[in-house]
Amino acid sequence: MASKMKLGVLTGGGDCPGLNAVIRSVVKTAINDYDMEVVGFMDGYEGLIENRYKKLRSHDVSGILTLGGTILGSSNRADPFNFPIMQGNEYIYLDRSSEALQNFERLGLDVLITIGGDGTMAASQGMAEKGLKIIGVPKTIDNDLFGTDQTFGFDSALASATDAIDKIHTTAQSHHRVMVIEVMGRYAGWLALASGIAGGGDIILIPEIPYQIDVVCDKIKDRNVSGKNFSIIVIGEGATAEGGEMVVKRMVKNSPDQVRLGGVSNQLSAQIEGITTLETRVTILGHLLRGGTPTAFDRILASRFGTASVHLAAKEDYGHMVALHGSEIGKVKIKDIAGKTRIITRDSSLLKTAVSLDTCLGIENPIEEKKEELAAQD
Ligand code: F6P
């Protein structure tokens, strides 16, 4: 009789709601549909490198569907090719990918399911080139992974951001204030644009469109003149003023992408108060967006991704990331998407929707301007 197939699974990068739903789905599908064995590595690639793992059986994943975070732990510092080790007061970086591969082989695993974002997929591609059989599952609240229409985690973060904007709206109205709400999302504006539309933001500022402060202030003044004496601004943490630079909150030395953004809203509010003299307040939602129970949409998407990844493993169809294409679950080659970021383009229908709703995007005619630019290039 053929021996049972053995799967490894890990969660890498920043956590988000839905990670546990994927783990549960992987374990249940592997056991119920294929009688496979599953091993979970702790803290992302760190666990594979340091040989820290635990067996996952049905009862280990019972009751975790609605839990935020990840029962396996995660790390956004554990790149197997650039693994940070503290030496004295300094970090040195070692290539520990061969140790990771050896641990995988020693455990007799057939395939590794890596649940993560861009950093995890880039590391997974590197490990695949070394011979590891990998299947990826796209995760991130930023929704910026190439090759999938949506990542799990995004919808839950969007729901939290929208809820926060709704709550801040009432104070904006009562006190006639300008309220600036900053959301995460790194270099992509998906979370800002989507929550801004859902929360009825008057001004939405995203990294893809550097804003002009005069355009922003004119919109606020116009609203006041028309009797709407408050304004809601939703800004992505990676947004910049035209000609300005991203606001970096801290550098995390031992992380592959060391930059941590945050605080652009403080800069913006000071500018607005200076120009309009209107009271302007800031709320930075930060890590609040990564927590909490996943939405129904994310629970379903995470469950579908988990199931699909195990079906690919059973078919020995390796080197792919499962993906959402329209309403169907498909797959893309990890090598085709690793290292790429999916940002908002000027022909995005979401952007056009915001424009049709008379939302200020920080510049005059954001879509027309691009048309002219494109025409000039012809
Ligand atoms: O990628 C997810 C994310 O939450 C980004 O939106 C944010 O810029 C970053 O991670 C924050 O990372 P950390 O938790 O290391 O501060």
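Entry 1: I began at Asn 76, where an N or O atom of the side chain sits 3.2 Å from an oxygen atom of the ligand. I note that this is a predicted model. Next I looked up Asp 142. A polar atom of the Asp 142 side chain comes to 2.7 Å from a ligand oxygen. Then I turned to Gly 185, where a polar backbone atom is 3.1 Å from an oxygen atom of the ligand. I also took the areas. The ligand taken alone exposes 400 Å², and the protein buries 86% of that.

**Entry 2: ligand surroundings.** I listed the residues around the ligand. They are Asn 76, Ile 141, Asp 142, Met 184, Gly 185, Arg 186, Glu 237, Arg 260, His 287 and Arg 290.

**Entry 3: domains.** I checked the domain assignment of the chain. Domain 1 is given as 6–152 + 294–337. Domain 2 is given as 158–291 + 345–377. I then took the centres over C-alpha atoms and found domain 1 and domain 2 separated by 32 Å. The contact draws 15 residues from domain 1 and 17 residues from domain 2.

**Entry 4: buried area.** I looked up the area buried between domain 1 and domain 2. The value is about 1400 Å², with carbon and sulfur atoms giving 51%. Which residues of domain 1 lose the most area to domain 2? I found Arg 77, Ile 141 and Asp 142, together 38% of what that side buries. I had already met Ile 141 and Asp 142 in the list around the ligand.

Entry 5: I counted 1 salt bridge between domain 1 and domain 2. I also looked at Asp 15 and Arg 290, whose side chains meet in a salt bridge at 2.9 Å, N to O. Arg 290 is also among the residues surrounding the ligand. By class, the side of domain 1 that touches domain 2 has 6 nonpolar, 4 polar and 5 charged residues.

Terms used. Residues numbered from 1 in each chain as written. Predicted model: local features only at pLDDT ≥ 70, side-chain atom pairs only at ≥ 80, totals over all residues. Heavy atoms only, no water. Domains from an automatic or database assignment. Contact = heavy atoms within 4.5 Å. Buried area = accessible area lost by both parts, 1.4 Å probe. Salt bridge = Lys/Arg side-chain N within 4 Å of Asp/Glu carboxyl O. Nonpolar A, V, L, I, M, F, W, Y, C, P; charged D, E, K, R; others polar. Near = heavy atom within 4 Å. Polar contact = N/O pair within 3.5 Å; in protein donor to acceptor, adjacent residues only side chain to side chain. Areas by Shrake-Rupley, 256 points an atom, 1.4 Å probe, with all protein chains shown as cover.
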